[in-house]
Amino acid sequence: MLSLKIHHVGYLVKKMDAAIHTFHNLGYQTIQDTVYDDIRKVDICFLEKDNYCIELVSPTSADSVVAGLLKKYKNCPYHICYETEDFDNDYQSLTANGYIAIDTPTPAPALQNREVVFLTNASAGMIELIKATQSD
């Protein structure tokens, strides 16, 4: 049984400052300032409203992992991120049940370098799996 909890919904945005301003006008609050992810070549900002977390993702170069998606789909939600206490087992279970990893697990600078991986499924689209924080 998967132990997944929704962490956030990722939104592609062309202009980070304009998107932040627009979401602020909708009542969202910035919960983490913009962070540059040099692995994926994107700027990332987290906002929250009513316990609903969104991640704004904006490519910083033409060879960013999301530049092609932004060109094709424009500004839009594009993935749901699930947090898991059992990253390795849930990752294995997802890939055994029709999800295809589109990258390898790597640290995410905007998420305290926790390990993340992106997967896609023909029926569900793209998801992100993130390792839960360790209890002290």
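## A loop between strands

Asn113 sits in the loop between β7 and β8. Its phi is positive, about 60 degrees, although Asn113 is not a glycine. Most residues other than glycine have a negative phi. This is a predicted model.

Lys41 has a positive phi too, near 55 degrees, and is also not a glycine. Lys41 belongs to the loop between β2 and β3. It is partly exposed, because its relative accessibility is 28%.

Asp38 is found in the loop between β2 (29-37) and β3. Asp38 counts as exposed because its relative accessibility is 51%, and the cut-off for exposed is over 50%. Asp38 and Leu12 are 26 residues apart along the chain.

## Helix α1

Helix α1 covers residues 16-25. Which of its residues are buried? They include Met16, Ala19, Ile20 and Phe23. Seen down the axis, the buried residues of α1 fall within an arc of 100 degrees, so they line one face of the helix. The spacing has a simple background. An α-helix has 3.6 residues a turn, so residues three or four places apart point the same way.

The buried residues of α1 pack against β1, β2, β3 and β4. On the other side of this helix, Asp17 and Asn25 are exposed. Just after α1 comes Gly27, with a positive phi of about 100 degrees.

## Helix α3

Helix α3 runs over residues 87-96. Phe87, Asp90 and Leu94 are buried in it. These three cover an arc of only 75 degrees around the axis, so they are on the same side of α3. One of the three buried residues is an aspartate, Asp90.

What do the buried residues of α3 pack against? Their partners are β1 (4-12), β5, β8 and β9. On the other side of α3, Asp88, Gln92 and Ala96 are exposed. Gly98 follows α3 and has a positive phi, near 100 degrees.

## The nonpolar cores

The largest nonpolar core has 18 residues. Which of them touch the most other members? They are Leu12, Ile44, Phe46, Val57, Val66, Tyr78 and Leu111. Five strands each supply at least two residues of this core: β3 (42-49), β4 (52-59), β5 (76-84), β8 (114-121) and β9 (125-131).

Take Tyr78 as a case. Leaving out residues up to four places away in sequence, Tyr78 touches Gly10, Tyr11, Leu12, Val57, Val66, Leu69 and Met126. A second, separate core has 12 residues. Among them are Tyr11, Val13, Ile20 and Leu56. Ile20 is also one of the buried residues of α1.

## Asp43 on strand β3

Asp43 is in strand β3. Is Asp43 buried or partly exposed? It is partly exposed, because its relative accessible area is 23%, while buried means under 20%.

Leaving out residues up to four places away in sequence, Asp43 touches Met16, Thr34, Val35, Tyr36, Leu56, Val57, Ser58 and Thr60. One of these contacts, Leu56, is 13 residues from Asp43 in sequence. In space the two are 7.9 Å apart, C-alpha to C-alpha.

## The largest pocket

The largest pocket has a volume of about 320 Å³. It is lined by 24 residues. The closest to its centre are Arg40, Val65, Val66, Asp103 and Phe118.

Which elements give two or more residues to the lining? They are β3, β4, β5, β7 (106-108), β8 and β9.

## Cysteines without disulfides

How many disulfides are there? The count is zero. A disulfide needs two cysteine sulfur atoms within 2.5 Å. The closest cysteine sulfur to that of Cys53 is in Cys81, 8.8 Å away, which is too far for a bond. Cys76 is in no disulfide either. Its nearest cysteine sulfur is also that of Cys81, 17 Å away.

Are Cys53 and Cys76 buried or exposed? Cys53 counts as buried because its relative accessibility is 11%. Cys76 is buried as well, with a relative accessible area of 18%.

How values were computed: Residues are numbered from 1 along each chain as its sequence is written. This is a predicted model: local features need pLDDT of at least 70, side-chain atom pairs count only at pLDDT 80 or more; totals for chains, interfaces and linings use all residues. Side-chain values use heavy atoms; hydrogens and water are left out. Buried means under 20% relative accessible area, exposed over 50%, partly exposed in between (1.4 Å probe, protein chains only). A nonpolar core is a set of buried Ala, Val, Leu, Ile, Met, Phe, Trp, Tyr and Cys residues joined through side-chain atoms within 4.5 Å. Helices (H or I, at least four residues) and strands (E, at least two) are DSSP runs, numbered from the N terminus. Contact means heavy atoms within 4.5 Å. The arc is that of the directions from the helix axis to the C-beta atoms. On a 1 Å grid over the protein atoms alone, a cavity is a set of points where a 1.4 Å probe fits but cannot get out, and a pocket is an open set with protein on both sides within 12 Å along at least five of seven lines; lining residues have an atom within 4 Å of a point. Grid points are joined across faces, edges and corners, and a volume is the space filled by probe spheres set on the points.
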